[in-house]
Amino acid sequence: MKPADLKQFKQRGEKITCLTAYDASLAQLMDSCEIDLILVGDSLGMVVQGEKSTRTVSVSEMVYHTKAVAKSCNQALVIADMPYQSYEEPSMALENAKLLIDAGAQMVKLEGGAERQKVVETLIENCIPVCAHLGLQPQKVKKASDYKVQGKNLGSAKAIIEDALLLESLGVEALVLECIPSSLAKLVSEQLSIPTIGIGAGKDCDGQVLVCYDMLGITQGKLPRFVRDFTAANSSIPMAIKAFIQAVKNQSFPSEKESY
Ligand code: KIV
């Protein structure tokens with residue numbers, strides 16, 4: 001799939017499926033199950049490296065994992081996260097984004113809105129497709145209590161809408177919305193022609209993403225309400241991945257209970 005194909009999903013009303021992957025074997029399996037997108041997320045800092053946040057992940061680590069994933073994908077679009085402090089200013093962002101693209105990513109994802117305008121413009125001017133990320137931005141999280149629903153009051157909801165419209169006008173191809181009320185995600189999704197990919201943002205986003213270890217029942221401890229363990233009702237990993245794809249496509253995931 002090409003980045004430009006994403007808009008067509010939204011135009012024909014087909015939900016987009018996305019899971020994170022960090023290694024060749026899982027990426028190959030997801031690709032063979034016909035997942036639409038694979039995100040090499042900087043969540044790898046937490047779920048692979050055992051860190052408390054995503055902020056310790058380096059560009060060279062992202063390049064390493066992106067190479068492993070990209071080599072194994074025939075049809076899925078591969079998106080790589082730009083790690084914390086790798087896109088502080090435009091020339092640095094461009095240099096690091098090129099490393100991820102050279103590693104095989106077809107698109108890079110970065111967190112933030114208006115404050116990232118110059119960086120986003122530079123990447124797009126240099127033909128690097130960009131996915132933005134609003135709502136809960138894990139790279140901004142400093143303590144456990146920062147993991148909370150964003151955009152709950154009028155001011156913060158308005159800021160998310162304004163950022164989303166700005167990012168679309170700059171030319172981003174897709175927008176991840178994390179941990180915001182479903183009603184706000186619906187409003188944002190309706191106002192944009194680019195697809196929104198939700199995680200904890202309700203069923204009206206144009207697609208859904210989950211961290212693979214969460215939906216495969218591997219992550220231990222208390223998980224956010226938006227996580228569904230797809231292995232609970234499926235007896236193998238391929239079946240769980242196929243069940244996730246089916247549930248997103250037929251809009252039975254996420255349920256109201258899995259949303260805010
Ligand atoms: O790093 C990641 O896994 C992400 C998803 C939570 C969207 O950014």
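**Exercise 1. Find how many cavities of 30 Å³ or more the whole structure holds, and state the volume of the largest.**

Step 1. The search of the whole structure returns two cavities of 30 Å³ or more. A cavity is a set of points, on a 1 Å grid over the protein atoms alone, where a 1.4 Å probe fits but cannot get out.

Step 2. The largest cavity holds about 40 Å³ of space. A volume is the space filled by probe spheres set on the points.

The model is predicted: local features need pLDDT of at least 70, side-chain atom pairs count only at pLDDT 80 or more, and totals for chains, interfaces and linings use all residues. Residues are numbered from 1 along each chain as its sequence is written, and side-chain values use heavy atoms, with hydrogens and water left out.

**Exercise 2. Describe the lining of the largest cavity.**

Step 1. Lining residues have an atom within 4 Å of a point. Here they are C18, L37, L39, I79, K109, V176, I197 and V209.

Step 2. Sort them: seven nonpolar, no polar and one charged.

**Exercise 3. Which element gives the most to the lining of the second largest cavity?**

Step 1. This cavity has a volume of about 30 Å³. Its lining includes I199, V209 and F226.

Step 2. β7 (196-199) and β8 (207-210) each give two or more residues. Strands are DSSP runs (E, at least two residues), numbered from the N terminus.

Step 3. β8 gives the most, with three residues.

**Exercise 4. Which side chains have N or O atoms 3.1 Å and 3.0 Å from a ligand oxygen?**

Step 1. For 3.1 Å, take D42.

Step 2. For 3.0 Å, take D81.

Definitions and conventions: A polar contact is a pair of N or O atoms within 3.5 Å; within protein, one must be able to donate a hydrogen and the other to accept it, and residues adjacent in sequence count only if both atoms are side-chain atoms. On a 1 Å grid over the protein atoms alone, a cavity is a set of points where a 1.4 Å probe fits but cannot get out, and a pocket is an open set with protein on both sides within 12 Å along at least five of seven lines; lining residues have an atom within 4 Å of a point. Ala, Val, Leu, Ile, Met, Phe, Trp, Tyr, Cys and Pro count as nonpolar, Asp, Glu, Lys and Arg as charged, and the others, Gly among them, as polar. Helices (H or I, at least four residues) and strands (E, at least two) are DSSP runs, numbered from the N terminus.
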